[in-house]
Amino acid sequence: EGAKSLPKAYGTDLGLFAKPFKNTLMNFAFWRLKMQQEFIYVGDEAVVELSGETLRYGVDLSLRHQLLPWLFADFDANYAFARALGEPEGKDYIPLAPRWTTIGGLTITSQNGIHSSLRYRYVDERPANEDNSVRAKGYFLLDASIHYTRNNIQFSVSATTLLDTEWNEAQ
């Protein structure tokens with residue numbers, strides 16, 4: 001039973017870490033992942049089942065930059081192409097596999113134990129079924145937090161969905 005529930009996966013990536021400027025770190029990578037089978041969520045039945053062989057490939061970009069001694073910015077973007085192998089073209093989409101995702105934000109740090117951040121997360125709309133006739137909605141979220149740390153104790157306040165976005169994590 002274990003051999004059936006843990007399919008083989010073969011992945012590779014080729015990337016570059018660079019520090020193009022004194023306060024900037026960059027990572028860029030091409031990647032590819034081929035899976036013997038993939039777990040697919042079936043919403044109508046509320047179960048996860050194994051599908052056939054799949055192939056995904058894409059590119060990732062990450063940037064980290066220190067704007068000021070106390071202000072940091074970060075950005076991650078991912079593009080992925082995902083298809084089921086052995087299926088007719090147009091009926092080979094992998095349900096809920098996003099094409100574009102990105103996260104990032106600004107972080108403020110201070111010497112007195114206070115740090116805060118403003119962060120976003122974006123997931124593009126994506127196929128909700130194999131023929132792409134139903135689409136899962138994408139979303140953009142903006143969150144903020146402030147933290148105070150003293151003597152190994154941290155106090156935090158967070159505000160989520162600042163733009164009052166209606167969204168579904170699972171669709």
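What is the volume of the largest pocket?

## Model and confidence

This is a predicted model, in which local features need pLDDT of at least 70 and side-chain atom pairs count only at pLDDT 80 or more, while totals for chains, interfaces and linings use all residues. Residues are numbered from 1 along each chain as its sequence is written, and side-chain values use heavy atoms, with hydrogens and water left out.

The chain has a mean pLDDT (the predictor's confidence in each residue, from 0 to 100) of 92, with 95% of its residues at 70 or more. Confidence is lowest in helix α1 (residues 2-5), at a mean of 56, and highest in strand β5 (residues 54-68), at 98; helices (H or I, at least four residues) and strands (E, at least two) are DSSP runs numbered from the N terminus.

## The largest pocket

The largest pocket has a volume of about 420 Å³, a volume being the space filled by probe spheres set on grid points joined across faces, edges and corners. Of its 22 lining residues, I40, Y41, P95, A128 and E130 are the closest to the centre. On a 1 Å grid over the protein atoms alone, a pocket is an open set of points where a 1.4 Å probe fits, with protein on both sides within 12 Å along at least five of seven lines, and lining residues have an atom within 4 Å of a point.

Two or more lining residues come from each of β3 (39-42) and β4 (47-50), and β3 gives the largest share, three residues.

## Positive phi at two asparagines

N132, in the loop between β9 (126-127) and β10 (135-136), has a positive phi near 65°, and N152, in the loop between β11 (139-150) and β12 (153-159), has a positive phi of about 65°.

N132 counts as partly exposed because its relative accessibility is 22%, whereas N152, at 81%, counts as exposed (buried is under 20% relative accessible area, exposed over 50%, partly exposed in between, with a 1.4 Å probe and protein chains only).
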